[in-house]
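This briefing concerns the structure shown below. Please read it alongside the sequence.

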Amino acid sequence: MLNKGDLRFILYFAVALLLQLTLVKYIQIYNWRPDLLLIVLVAFALQKGPNIGMTAGFLVGLVQDILSTQYLGLTALSKTVAGFLAGSLRGKFAARTEFLLTLFICGLMHDLIYFFINTLGENFSFQSLVVLYTIPNLTYTIIIGVVFSYFVDVQVSEERVI
Amino acid sequence: MKSLFGLFNQRRTLFLLLFYILLSFILMTLNDPFNIRGMRILVLQTMSVVKNIEDKFTYWNNLEQENSDLRRQLLEVSIENQRMQESMLENIRLRRLLKFKEEHKIDAVAANVIGFGQEQTIRSLVLDVGEKEGIAKNMVVVTEKGLVGKILDAEPEQSHAQILMDRNALVSVRLQKSRETGVIGWSGNLWLDLNYIPKDINVEVGELVITSGLSQIYPEGIKVGLVGEVEENKYELFKKIKVKPAVEFNKLEEVFVLTSSDSLMGEGKIAQ
């Protein structure tokens with residue numbers, strides 16, 4: 001049964017998806033853009049743990065894949081791993097920095113998987129992609145994550161399983 | 001079997017992760033089968049509705065700016081159009097002048113009217129030619145339509161021309177049909193006054209008035225105007241004749257200054 005917090009996160013996911021598809025292109029710098037769904041996913045997985053986190057990651061990634069023209073399953077895989085990692089890392093850092101550090105690690109892993117598979121068998125330099133896209137995108141995502149954590153309480157310690 | 005479920009429960013997270021990873025890879029290998037394509041089309045169509053709403057919003061948001069830009073562009077195009085029309089009209093005028101000059105083989109200097117004289121008592125034009133172009137006092141100023149006046153004084157780079165519509169301008173003229181001569185001048189009306197034509201001379205409205213050649217300044221045969229009104233008073237010796245000037249003095253932009261009056265003398269070529 002979905003509780004109020006779950007419904008709230010479903011709304012966040014929906015809004016993030018809508019913004020990602022419509023408004024993010026207006027705030028992108030060169031080709032660098034934040035991943036709003038990843039921010040919500042990390043916040044969600046931190047509260048719900050790895051199982052629900054990776055399931056949410058898979059579903060969100062699948063929706064993104066369907067809405068894009070890229071490989072079906074690629075974002076689902078990246079987001080699954082990100083959701084799993086975020087859920088597994090809860091409680092590993094101080095509560096104050098937990099969200100942003102987790103976002104950094106999950107974002108890095110997400111992009112590494114994504115670009116690694118995306119460039120397999122092609123002449124793209126994986127290292128260049130990491131420098132040119134992963135780091136700027138991740139930085140941008142973390143900046144937006146800071147804003148998100150300012151408005152949304154991402155440290156719901158009472159729901160945590162200790 | 002029981003131990004297998006136990007293992008799954010113990011390693012549930014790991015199995016779930018492997019399941020999703022495996023499922024993702026399977027999806028990647030099955031990339032874009034028919035049913036997925038259909039779903040993509042469906043979702044993309046739904047998104048296109050959202051995109052249309054977004055486009056409409058952006059359109060309305062940009063409408064004001066776009067309207068302002070279009071108004072500015074319209075103004076620029078309008079000004080450009082006016083300039084082009086002006087250039088076209090100037091071109092027509094200059095062609096006429098050139099044709100006039102070639103047809104009449106006159107020694108003349110083309111001049112632009114750059115202003116009107118500031119004197120209170122003399123109505124004059126300021127021309128952009130002067131002594132450097134060979135302009136001198138009393139040279140005759142004409143257009144292809146007829147007589148304009150004469151040069152009053154010439155400076156190195158510009159000159160002043162007295163027009164016929166000046167109180168001090170008097171020109172000896174001839175009625176083309178009757179060959180009767182008179183003196184034309186201006187008394188402050190819209191038209192010129194032709195004086196000293198005896199009452200017994202038959203003058204028709206529309207008759208051409210040309211310079212007589214009796215003057216030392218104006219050569220013979222330059223069109224001055226057309227007879228507009230003819231009045232007679234039994235107590236006066238001469239007819240009262242109003243002449244409509246051939247030249248519209250307020251619209252003058254380009255004129256010719258005849259540098260040699262000999263070229264027109266006796267030919268009457270301008271009076272056509």
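The points below cover the model, the interface and chain B.

This is a predicted model, in which local features need pLDDT of at least 70, side-chain atom pairs count only at pLDDT 80 or more, and totals for chains, interfaces and linings use all residues. Residues are numbered from 1 along each chain as its sequence is written, while chains are lettered from A and ligands numbered from 1 in the order in which they are written.

**Confidence**
- The model scores ipTM 0.83 and pTM 0.48.
- Chain B has a mean pLDDT of 82, with 85% of its residues at 70 or more; pLDDT is the predictor's confidence in each residue, from 0 to 100.
- In residues 265-272 of chain B the pLDDT is below 50, and this stretch has 25 contacts in the model beyond near neighbours in sequence.

**Interface of chains A and B**
- In chain A, 16 residues are in contact with 19 residues of chain B (C-beta atoms, placed from the backbone, within 7 Å).
- Helix 1 (4-22), helix 4 (50-67) and helix 5 (74-88) of chain A each supply at least two residues of the side that touches chain B.
- Helix 4 of chain A gives the most to this side, with six residues.
- By class, the side of chain A that touches chain B has twelve nonpolar residues, four polar and no charged ones (Ala, Val, Leu, Ile, Met, Phe, Trp, Tyr, Cys and Pro count as nonpolar, Asp, Glu, Lys and Arg as charged, and the others, Gly among them, as polar).

**Fold of chain B**
- Chain B contains three helices and twelve strands (DSSP runs numbered from the N terminus: helices H or I, at least four residues; strands E, at least two).
- Of the contacts in chain B with a separation of 6 or more, 58% join residues 24 or more positions apart.

Key. Two residues are in contact if their C-beta atoms, placed from the backbone, lie within 7 Å.
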